[in-house]
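Reader: Could we go through this model together, please?

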Amino acid sequence: MAQKAEDDDKVRLDKWLWAARFYKTRALAKAAIESGKVHCRGERCKPGKEPRVGDEFVLRTGFDERTVVVKALSVVRRGAPEAQALYEETEESLRRREQAAEMRKAGAMGMTTDGRPNKKQRRQIHQLHGSFD
């Protein structure tokens, strides 16, 4: 078992992101890293980078951007409570994500409507697109 402890010292970034449950598969983690959605110290990372305890990573997933600090390393994917012990999200990151979620709920980021258009509005839409003859 001593060899397992040595393995945890050297872990690939894509494997750590998978073990910390940011991505469902290692392939998705690798694709996110290669597409520039994971940054360390303001620079893009490679999937083979070895994260160290104390490193700070910026992860973009969907609408959210998280800033996390590595607290522990693991190559094994376990339950969510154990995975959350591998990292700590910064206070500023939590505040920004909550604020963005509130804006999305309020409809500030998208188009809001009163529901389906009625018959008159549908005719106007068809005239605008030129498909109503």
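Author: Two strands count as paired if DSSP finds at least two bridges between them. Strands (E, at least two residues) and helices (H or I, at least four) are DSSP runs, numbered from the N terminus. This is a predicted model, in which local features need pLDDT of at least 70, side-chain atom pairs count only at pLDDT 80 or more, and totals for chains, interfaces and linings use all residues. Residues are numbered from 1 along each chain as its sequence is written, and side-chain values use heavy atoms, leaving out hydrogens and water.

Reader: In which sense do β4 and β5 pair, and over how many bridges?

Author: Strand β4 (residues 64-70) pairs with β5 in the antiparallel sense, over 3 bridges. Valine 69 stands opposite glutamate 88 of β5.

Reader: What is the strand order of the open sheet?

Author: The order of its 5 strands is β2-β1-β3-β4-β5, with antiparallel pairing. β2 and β5 (87-89) are the edge strands, each pairing on one side only. Helix α5 (residues 91-106) packs on the sheet and touches β4 and β5 (contact: heavy atoms within 4.5 Å).

Reader: Turning to aspartate 55, is this residue buried or exposed?

Author: Aspartate 55 is buried, at a relative accessible area of 9% (buried is under 20%, exposed over 50%, partly exposed in between; 1.4 Å probe, protein chains only). Aspartate 55 lies in the loop between β2 (43-44) and β3 (56-61).

Reader: Which residues does aspartate 55 touch?

Author: Not counting residues up to four places away in sequence, aspartate 55 touches Arg41, Glu50, Val68, Val69 and Val70.

Methods: Axes are lines fitted to C-alpha atoms, for helices over the stretch in contact, and angles run from 0 to 180 degrees between N-to-C directions.
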